[in-house]
Amino acid sequence: MGESALRSKLLKRFGVFCRTDLAPLGFRRKGFRAQRDLADLRQVVSLQLDHRLGAERYTANIFWHLLVTPHREASDWGSMDGHWRIGTLADGRDRWFTTFQEATFESQFAEVAQLVVDLGLPLLQRYDSVRAIVDAVDAGDLTRIQAFGPDKGWQRSNLAYCAAYLGDHERALRELTELFEQPTAEARYHGKDLLEQLQRGERPRIQPAIPPRPKRKPRAPRPAASPRRVIVRKKVGGEEP
């Protein structure tokens, strides 16, 4: 099965899965991604194809995008702040699902869909707000990598903005101060304004920003209805014909 055929078949099957299992939970689909916007989070379920030459396989990603961070308006879909591959959730392995044989396509997709339902969606449901994520980090249920991404600079920046959003400005100041002690951390440039406000004793209010929704293609106008024909029967000799 060629890559174009695989993409077409996967897209159709993923669309069915989204309608039956994800849409009732508030997700909407565009291509290989389905998302839902919560008060301060964007949660995403996506399929990822392996584009390497000759590699006909795919996997599923589960991730969230924090809507209170400096890069909250970076794109329609947002960044992968907290991210899991579906195999990692299942058994700690980065699992990919092959489609070389037509006979195994449905069974493999059914396995992926079941893993999303059994493991991915409960994870998103458990961590459905910035407050829940920060509390989980403090309790040790989530690591900073799991909650805020693999880069240490972005971990501090993201946590600082989350803390400021939740009203813990002392913690935000502490995280940003330590961030700026790392001269190579790219994320520190995004926290400069917030750090200066906190150093002046200000208590900035951070509002979640919902990235713009992907634009839908305009629907083609409906053809104008043809005028109704009215048949008038004339009386012949005083009688109806």
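View 1. Leu115 counts as buried, at 14% relative accessibility; buried means under 20% relative accessible area, exposed over 50% and partly exposed in between, with a 1.4 Å probe and protein chains only. The model shown is predicted: local features need a pLDDT of at least 70 and side-chain atom pairs count only at pLDDT 80 or more, whereas totals for chains, interfaces and linings use all residues. Residues are numbered from 1 along each chain as its sequence is written, and side-chain values use heavy atoms, with hydrogens and water left out. Leu115 belongs to helix α3 (residues 105-126); helices (H or I, at least four residues) and strands (E, at least two) are DSSP runs, numbered from the N terminus. Apart from neighbours within four places in sequence, Leu115 is in contact with Ile86, Ala90, Arg95, Phe97 and Gly120, where contact means heavy atoms within 4.5 Å. A distance of 8.5 Å separates the C-alpha atoms of Leu115 and Leu89, which stand 26 residues apart along the chain.

**View 2. Arg85 in strand β5.** Strand β5 (residues 82-85) contains Arg85, which counts as buried at 18% relative accessibility. Its side chain makes a polar contact with the side chain of Asp94 (2.8 Å), and the side chain of Arg85 makes another with the side chain of Gln48 (3.2 Å). A polar contact is a pair of N or O atoms within 3.5 Å; within protein, one must be able to donate a hydrogen and the other to accept it, and residues adjacent in sequence count only if both atoms are side-chain atoms. When neighbours within four places in sequence are set aside, the residues in contact with Arg85 include Thr59, Ala60, Asn61 and Trp96.

**View 3. Cys18 and Cys162.** Cys18 is buried, with a relative accessible area of 5%, and Cys162 is also buried, with a value of 0%. The structure holds zero disulfides, a disulfide being a pair of cysteine sulfur atoms within 2.5 Å.

**View 4. Strand β6 and helix α4.** In the chain, confidence is lowest in strand β6 (residues 97-98), with a mean of 84, and highest in helix α4 (residues 130-139), at 97. These values are pLDDT, the predictor's confidence in each residue, from 0 to 100. The chain averages a pLDDT of 84, and 79% of the residues score at least 70. Where pLDDT is low, the predicted coordinates should not be read in detail. Both elements belong to a chain with eight helices and six strands.
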